[in-house]
Amino acid sequence: MSATNLLVLDGLLVISLVGLAWAALAGSDARRSVILFMAFGLVLAAAWVRLLAPDVALAEAAIGSGLAGALLLAAVQEQPRQPLAARTASNSNPNKPGLSVALQLAVSVLCAALAGTLAWALAHAFNSAPQNALPRAVSSNLEASGVSNPVTAVLLNFRAYDTLLELAVLLTAVLGIFALGPARPGYQAAGPVFDGLARWLVPVLILTAGYLLWVGAHAPGGAFQAGATLAAASVVLRLAGRHQIGLPQGRALRIVMAGGVGTFVLIGLGLLVTGRPFLGYPPAWAGGLILMIESAATLAIAATLVLAFLGGQPRPLAVRVTCGNTSATPGPTGKPASPEGMRGAELRAAEVCNRIPETQKRC
Amino acid sequence: MIDVLSGLLVLAGVGFYLAGSIGLLRLPDLYSRLHALTKADNLGLGLLTAGLALHSQELLTVLKLLLIWLAVLSASAASAHLIARYARRQETKS
Amino acid sequence: MSELLSVSALGVIFSLSLGLLRILRGPGAADRMLATQLIGTAGVGALLLLSLLSGQQALMDVALVLALLAAVAAAAFTGRQRRARSD
């Protein structure tokens with residue numbers, strides 16, 4: 001009886017997923033599509049759970065519900081909203097209407113071919129005999145891997161090289177984000193309701209990130225989920241209109257970004273020097289090494305996601321105003337402070353202090 | 001006995017969820033929908049977590065359930081406030 | 001008891017799909033945002049029920065993360081961005 005209940009539940013999930021995906025792509029309003037996509041991510045988290053993939057469900061909950069939605073909404077709301085159909089109609093070249101029709105036809109054929117190939121592969125997989133070799137190999141080697149969660153063991157030990165390359169891809173993505181120019185200006189200071197929510201939400205999110213990093217060794221969790229939750233904490237601060245969102249500045253940011261891949265590579269090379277294969281951990285040390293790599297990766301992933309939300313290179317916080325006496329420390333240029341220069345800096349600092357709304361002055 | 005009580009709480013929670021969704025569909029105005037949704041969802045999740053907390057035996061699970069309920073309570077209250085303020089701003093703008 | 005839990009999970013997912021009607025129909029973006037909040041809360045409820053049904057503690061962590069991040073989407077939707085500085 002409860003099996004049929006679960007079957008109906010799965011059917012409802014499938015119908016919701018397909019309906020949301022169709023509606024998200026079929027509309028012409030960009031903001032409507034983004035909101036539908038966010039709802040799709042939420043239902044997808046439940047679907048991952050039904051597919052017995054709680055690690056992926058954790059990542060989908062952290063990214064799909066919070067970060068992806070916030071990022072897409074910030075991007076969509078940057079410019080005046082235009083229905084997508086109107087914009088493409090005005091951009092299409094009136095002299096060659098045949099070209100755009102041919103392009104649409106080509107894309108449709110390619111998508112149909114891809115969907116057909118995937119469907120054939122899925123049917124083929126269901127018909128052939130179940131393969132148990134991979135799960136058997138993982139579970140027989142689990143004790144030597146240093147962790148007891150098979151997903152973490154595969155990601156950080158048996159297939160560590162793949163994860164290293166994934167972190168390198170994230171680093172390359174940051175280069176692309178930096179190439180976009182300066183970051184978006186940020187949000188106006190939030191009212192007391194959201195500010196009060198942020199005051200307790202951000203510490204809880206940071207604690208949850210640490211918990212997810214720790215628990216990844218023996219339960220679903222890990223570096224990616226922890227990094228996404230940590231990034232969500234910074235995004236909440238940014239949405240509340242704060243200037244200081246916990247992202248490291250300048251050189252510290254570069255160290256954090258490089259530390260994700262760098263820790264991985266250094267540990268691998270260190271193992272090479274001691275005579276073991278690259279990233280072949282000795283079983284006694286494997287747990288500690290994996291935790292070290294995951295901690296560095298958490299910080300790097302969180303910084304990457306926050307930079308993606310900022311949309312560009314973060315502006316340096318040049319003037320630090322201490323409450324009460326408006327003294328300004330010189331900016332990162334490091335020029336020696338002449339008395340006139342210090343007076344000018346104090347005047348500027350006083351202006352900045354008057355401009356910052358009262359809610360943001362922290363003593 | 002505990003099972004009966006927790007089952008009743010869970011069913012009541014699901015009932016409130018359904019009531020909230022029906023209110024979302026049937027009520028005429030954004031503000032009334034917002035009102036119905038947040039109250040019904042908070043109460044629905046609260047009863048649900050109360051029933052599940054009675055059903056489970058470990059302290060850690062009960063604390064996690066309490067944290068989840070408090071988080072949803074304050075997050076949905078803040079979201080309702082934000083959405084209502086946004087809608088009011090849109091109205092007075094046009 | 002497990003049958004009760006599975007029926008309840010079905011009920012919660014059904015109320016989620018009712019919210020989908022509002023998200024598709026809703027005349028304004030705020031109505032759609034509202035329905036997304038419903039989907040989030042219903043997702044938390046369904047995950048809690050599934051967690052006790054299958055005995056996996058990890059699903060409670062998924063529900064916790066969903067619950068903590070429920071307000072972020074609404075804040076991003078309603079937040080007003082500053083104008084770019086002219087410097």
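The residues concerned are A:Thr152, A:Ala153, A:Val154, A:Leu155, A:Leu156 and A:Asn157, where a residue counts as buried if 20 or more other C-beta atoms lie within 10 Å of its own, as exposed if 12 or fewer do, and as partly exposed in between, with the C-beta atoms placed from the backbone. The structure is a predicted model, in which local features need pLDDT of at least 70 and side-chain atom pairs count only at pLDDT 80 or more, while totals for chains, interfaces and linings use all residues. Residues are numbered from 1 along each chain as its sequence is written, and chains are lettered from A and ligands numbered from 1 in the order in which they are written.

Chain A holds 13 helices and 0 strands, these elements being DSSP runs numbered from the N terminus (helices are H or I, at least four residues; strands are E, at least two). Read from the N terminus on, the elements of chain A follow the order α-α-α-α-α-α-α-α-α-α-α-α-α. Of the 363 residues in chain A, 33% are buried. Two residues are taken to be in contact if their C-beta atoms, placed from the backbone, lie within 7 Å; among the contacts in chain A between residues at least 6 apart in sequence, 71% join residues at least 24 apart.

Within chain A, the pairing of H2(A) with H3(A) can be described in detail. The axes of these two helices come within 8 Å and cross at roughly 175 degrees, the axes being lines fitted to C-alpha atoms, for helices over the stretch in contact, and the angles running from 0 to 180 degrees between N-to-C directions. H2(A) is therefore roughly antiparallel to H3(A), given that angles under 35 degrees count as roughly parallel, those over 145 as roughly antiparallel, those from 65 to 115 as roughly perpendicular and the rest as oblique. Among the residues that make this contact are A:Phe37, A:Met38, A:Leu42 and A:Trp48 of H2(A), together with A:Ala61, A:Gly64, A:Leu72 and A:Val76 of H3(A). The residues of the contact of H2(A) with H3(A) comprise 17 nonpolar, 4 polar and 2 charged, where Ala, Val, Leu, Ile, Met, Phe, Trp, Tyr, Cys and Pro count as nonpolar, Asp, Glu, Lys and Arg as charged, and the others, Gly among them, as polar.

Between chains A and C, 54 residues of chain A are in contact with 46 residues of chain C. On the side of chain A that touches chain C, two or more residues each come from helix H1 (2-26), helix H2 (30-50), helix H3 (54-76), helix H9 (192-215) and helix H10 (223-239) of chain A. By class, the residues on that side of chain A are 38 nonpolar, 13 polar and 3 charged.

One helix pair spans these two chains: H10(A) and helix H4 (residues 70-78) of chain C pack at an angle of about 35 degrees, with their axes 10 Å apart. The crossing of H10(A) with H4(C) is left-handed, a term used if the near helix is turned anticlockwise from the far one by less than a right angle, the crossing being right-handed if the turn is clockwise. H10(A) contributes A:Ala232, A:Val235, A:Val236 and A:Leu239 to the contact, and H4(C) contributes C:Val72, C:Ala75 and C:Ala76. This contact has 7 nonpolar, no polar and no charged residues.

Chain C itself contains 4 helices and 0 strands. The radius of gyration of chain C is 17 Å, well over the 12 Å that the globule rule gives for 87 residues, so chain C is more spread out than a compact globule; this radius is taken over C-alpha atoms, and the rule is 2.2 Å times the number of residues to the power 0.38. Along the principal axes, the C-alpha atoms of chain C fill a box of roughly 65 × 30 × 10 Å. Of its 87 residues, 70% count as buried.

Chain B has 3 helices and 0 strands. Its radius of gyration is 16 Å, well over the 12 Å that the globule rule gives for 94 residues, so chain B is also more spread out than a compact globule. The C-alpha trace of chain B spans about 55 × 25 × 10 Å along its principal axes, and buried residues make up 43% of the 94 residues in this chain. B:Leu66, which lies in helix H3 (residues 59-93) of chain B, is partly exposed, with 13 other C-beta atoms within 10 Å.
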